[in-house]
Amino acid sequence: MTIVAMCKKLLHSLFVITLLLMFALVSLAISARFSDGPSVIFAGGALESGELITGPEPDWSFARDINLIELQLVDPPRSRTLWVVEYQGKLYLNSNYMGGLRQRLWKKWPGEAERDGRSILRIDGKRYERHLIRVKSGDAVEGVTKEFTRKYGVPMTPQEVEEGKLWLFELSPPQSGTSGGEV
């Protein structure tokens with residue numbers, strides 16, 4: 001077999017392997033959209049399983065030891081895994097890289113959450129109705145960014161929040177008759 005023939009055979013094999021990998025990824029992405037919750041990589045469908053907790057506001061201190069939560073927006077009903085911190089009895093989420101190309105191509109959920117903050121949070125198999133409120137400034141921003149930095153080891157600053165590079169959301173109790181919101 002000549003070198004040219006070997007190169008053609010190698011290129012053909014690489015092409016077939018690439019196609020198979022692409023097919024597998026597309027299949028996983030599509031199946032995740034119809035699943036009860038997200039995969040680590042792909043957004044999932046509506047969060048349907050798990051007890052729906054109602055009543056008084058929970059003591060969220062247990063979330064200090066939780067690294068990832070599942071969050072589903074009500075509209076559109078897609079779920080994803082996100083980082084969460086508890087600060088002064090409230091839960092907060094973040095979305096990094098909001099000023100760059102990654103956000104424009106990939107991260108649609110923060111804008112959707114800002115327009116309609118109705119959501120479902122699932123932690124340890126329990127679901128909670130929540131309302132996402134974007135936090136752009138205020139007393140909590142410094143403490144929340146410090147807590148994200150401490151918990152996840154990724155530097156986050158109040159300046160990033162104020163400049164819109166980092167979006168913070170408070171997970172507040174459901175609000176009747178409203179959609180979206182910001183502080």
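This is a predicted model: local features need pLDDT of at least 70, side-chain atom pairs count only at pLDDT 80 or more; totals for chains, interfaces and linings use all residues.

Q: Where is Ser61 found?
A: Ser61 sits in the loop between strand 1 (51–53) and strand 2 (68–73).

Q: Which side chain does Ser61 join in a polar contact?
A: The side chain of Asp59 joins that of Ser61 in a polar contact of 3.0 Å.

Q: And how far apart are Ser61 and Lys90 in space?
A: Their C-alpha atoms are 8.6 Å apart, while in sequence Ser61 and Lys90 are 29 residues apart.

Q: Now the aromatic residues. How many aromatic pairs does the structure hold?
A: There are six aromatic pairs in the structure. One of them is formed by Trp60 and Phe62, with 5.9 Å centre to centre and 35° between the planes.

Q: Why is the pair of Trp60 and Phe62 called tilted?
A: Planes under 30 degrees apart count as stacked and over 60 as edge-to-face, so the 35° of this pair makes it tilted.

Q: Which residues do ring pairs link into a cluster?
A: Trp60, Phe62 and Tyr128 are linked in this way.

Q: What about the rings of Trp109 and Phe169?
A: Their centres lie 5.6 Å apart and their planes are at 40°, so this pair is tilted.

Q: Which parts does that pair tie together?
A: Trp109 belongs to helix 3 (residues 109–115) and Phe169 to strand 8 (residues 167–172), so the pair ties together parts that are 60 residues apart in sequence.

Q: Which residue lies over the face of Trp167?
A: Arg134 does, at 3.6 Å from the ring centre.

Q: A change of topic: the surface. Which residues form the nonpolar patch with Leu19?
A: Phe15, Val16 and Leu20 form the patch with Leu19, and together the four have about 370 Å² of accessible area.

Q: Where is Leu19 found, and what is its relative accessibility?
A: Leu19 is part of helix 1 (residues 3–33). At 41% relative accessibility, Leu19 counts as partly exposed.

Methods: Residues are numbered from 1 along each chain as its sequence is written. Side-chain values use heavy atoms; hydrogens and water are left out. Rings of Phe, Tyr and Trp (its six-membered ring) pair if their centres lie within 6.5 Å; planes under 30 degrees apart count as stacked, over 60 as edge-to-face and the rest as tilted. Helices (H or I, at least four residues) and strands (E, at least two) are DSSP runs, numbered from the N terminus. A charge sits over a ring if NZ of Lys or CZ of Arg is within 6 Å of the ring centre and within 35 degrees of the ring normal. A polar contact is a pair of N or O atoms within 3.5 Å; within protein, one must be able to donate a hydrogen and the other to accept it, and residues adjacent in sequence count only if both atoms are side-chain atoms. Patches are made of residues with over 30% relative accessible area and no salt bridge: like charges are joined within 9 Å, nonpolar side chains (Val, Leu, Ile, Met, Phe, Trp, Tyr) within 5 Å. Accessible areas come from the Shrake-Rupley method with a 1.4 Å probe; for residues, only the protein chains shown count as cover. A salt bridge is a side-chain nitrogen of Lys or Arg within 4 Å of a carboxyl oxygen of Asp or Glu. Buried means under 20% relative accessible area, exposed over 50%, partly exposed in between (1.4 Å probe, protein chains only).
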